[in-house]
Amino acid sequence: DSNTTLGQVNKIFSKKAKIVAIQFEKENQLNNEMLVKRFPWVCEDNKNKDLKNDFFKKINLEKNIFTILIFGGSQGSKIINDNFLNNIKDLSEKQKVQVIHILGEGIVLSKIKKIYDDLNIKSYVSLFEKDLKPFYKISDLVISRAGACSISELIYFEKPSILIPFKKAKDNHQLKNALFMQNKVKSSTIIIEDDLSKNSLL
């Protein structure tokens, strides 16, 4: 199980299983639990490997500007996208930033890109990225959901984050993941989805 709390099926199966493979220690430790290497399962040699300069040219970003990576998981998140875009003008007036915005499917990419261009904010806008590793590497702050892969990648790449847990996640496991990041890893701030607004995010 890759979350900080066991899912319903794994709770049932864990009673008979010889081994339960987990990424995070549980508060109520299982007799048969075994910690495994956390996601992402990538070669350690690549973690600190510098990106080639042509990567920045490829995505039209610069090296020394505060970079925000924002995404809402594999399906994207309208509420996160909308609230961030409502904030970007005020944010850019306070601090020079550039943005990597992974929108999710079903959104008119050119419309979002135009918002950044009109504000003269450097941006890389995409509907989906198969490999987020290079984007994590160049980011200074990540705004995302709190799914298992996301929190594991944040730990691996040692990135501070603003986490907005998906409120309809089964057993509220995304909130539990986010609380782990806030209280144990001490690298994240949480905004509950119902509290997400222009002021709270800014």
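Guide: Let's start at F66, which lies in strand β3. By the way, this is a predicted model, where local features need pLDDT of at least 70, side-chain atom pairs count only at pLDDT 80 or more, and totals for chains, interfaces and linings use all residues. Residues are numbered from 1 along each chain as its sequence is written, and side-chain values use heavy atoms, with hydrogens and water left out.

Visitor: What makes a stretch count as a strand or a helix?
Guide: Both are DSSP runs, numbered from the N terminus: helices are H or I with at least four residues, strands are E with at least two. By that rule the chain has eight helices and eight strands.

Visitor: Why is F66 called partly exposed?
Guide: Buried means under 20% relative accessible area, exposed means over 50%, and partly exposed is in between (1.4 Å probe, protein chains only). F66 has 31%, so it is partly exposed.

Visitor: Which residues is F66 in contact with, leaving aside its neighbours within four places in sequence?
Guide: Contact means heavy atoms within 4.5 Å. With those neighbours set aside, F66 touches Q95, K96, V97, Q98, D140 and L141. Also, the C-alpha atoms of F66 and S139 are 7.5 Å apart, though 73 residues separate the two along the chain.

Visitor: What makes β4 and β5 a pair?
Guide: Two strands pair if DSSP finds at least two bridges between them. Four bridges join β4 (residues 97-102) to β5 (residues 123-126), and the two run parallel. In this pair, I102 stands opposite S126 in β5.

Visitor: Why is the crossover from β4 to β5 called right-handed?
Guide: Point the strands away from you: if the path from the first strand over the helix to the second runs clockwise, the crossover is right-handed. Here the chain goes from β4 through helix α4 (residues 109-118) to β5, and this β-α-β crossover gets the right-handed label.
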